[in-house]
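Here is a short briefing on one protein chain. Look over the sequence and the fold, then read the points below.

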Amino acid sequence: MELGNARLAWPVPARPHQVLIFHLAEPYRVGIDGGEAATMADTGLVGPQSYRRAHVCLTGSVHVFTILFQPTGLNRLVGIDMTLLLNHDPAASDVLGKPAAVLGDAVRGAPDFAARVAAVERWVEARLEARGPDCAIGMASRRMIAERGGARIENLVADSGLGARQFRRRFTVQVGMTPKLFARTIRFDRALAARRDASNRTWTDIVHDFGYFDQAHFIRECHTFAGLPPSSLVGDWDNVFFPGG
């Protein structure tokens with residue numbers, strides 16, 4: 001994308017995603033909690049977000065390659081306690097170490113998109129060989145994504161074979177949020193994506209479609225996760241980036 005002197009900006013609301021971003025041209029500039037925008041690392045890692053913390057600004061030449069992980073993907077890949085990435089966006093090298101530079105070189109040296117994907121797949125497969133198989137938390141979190149945050153947590157616990165406390169503790173470490181908060185951010189993220197994809201839909205229609213109790217419930221979630229009521233999600237919000245959308 002060539003923006004020239006134009007400026008594209010969007011606020012980042014709460015969302016469940018964990019994303020590895022490779023800037024192949026000019027890096028994003030990100031303002032945190034209302035602060036002055038600073039340049040992201042060439043290869044950045046963005047953890048799940050539980051509130052509207054960041055505002056992203058783009059200008060000039062924009063070219064990025066992103067990896068969107070499954071909810072337990074980073075924990076399984078590198079063993080990190082995902083609560084340490086909640087509401088953070090460190091340089092990938094701070095979390096992955098030297099392998100981040102190796103992967104970055106492979107991605108930037110690839111001639112096209114397909115070659116970048118192949119480089120990432122080789123890198124991931126090499127690290128997963130030393131890891132065990134997928135676990136109950138991985139399956140439960142993916143089910144929550146598939147059901148747009150509507151899966152009943154007690155059913156997930158029962159299917160996991162774990163006790164309720166053990167499930168909550170493991171889930172928080174491997175995903176970065178409690179099961180309840182994760183479900184809420186999934187639902188809110190998908191509701192905003194639904195509005196983005198069909199701007200003619202009313203909030204009332206979306207609220208009912210995503211299983212909110214009523215419009216007041218959704219308004220409270222908007223204040224919690226976006227810092228604004230639904231009627232104010234205009235302007236820069238039209239550019240909100242949904243990596244999972």
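**Charge, fold and sheet**

The mean positions of the 28 positive and 25 negative charges lie 6 Å apart. The model is predicted. The protein contains 10 helices and 7 strands.

**Overall size**
- The radius of gyration is 18 Å. A compact globule of 245 residues would come near 18 Å, so the protein agrees with that expectation.
- The C-alpha trace spans about 50 × 50 × 30 Å along the principal axes.

**Packing and surface**
- Of the 245 residues, 44% count as buried.
- Take the contacts between residues at least 6 apart in sequence: 74% of them join residues at least 24 apart.
- The accessible surface is about 12000 Å². Carbon and sulfur atoms account for 52% of that surface.

**The open sheet**
- Strands of a sheet pair through backbone hydrogen bonds, in either parallel or antiparallel fashion.
- Here 4 strands form an open sheet, and the pairing is antiparallel. Their order is β1-β6-β3-β4.
- β1 (2-12) and β4 (38-39) stand at the edges. Each has a single partner strand, so one side of each is left without a neighbour in the sheet.

**Where β3 meets β4**
- Strand β3 covers residues 29-32. It is joined to β4 by 2 bridges, and the two strands run antiparallel.
- Val 30 stands opposite Ala 38, which belongs to β4.

Definitions and conventions:
Residues are numbered from 1 along each chain as its sequence is written. This is a predicted model: local features need pLDDT of at least 70, side-chain atom pairs count only at pLDDT 80 or more; totals for chains, interfaces and linings use all residues. Side-chain values use heavy atoms; hydrogens and water are left out. The radius of gyration is taken over C-alpha atoms; the globule rule is 2.2 Å times the number of residues to the power 0.38. Buried means under 20% relative accessible area, exposed over 50%, partly exposed in between (1.4 Å probe, protein chains only). Contact means heavy atoms within 4.5 Å. Accessible areas come from the Shrake-Rupley method with a 1.4 Å probe; for residues, only the protein chains shown count as cover. Lys and Arg count as positive and Asp and Glu as negative; His and the chain ends are not counted. The place of a charge is taken as NZ of Lys, CZ of Arg, CG of Asp or CD of Glu. Two strands pair if DSSP finds at least two bridges between them.
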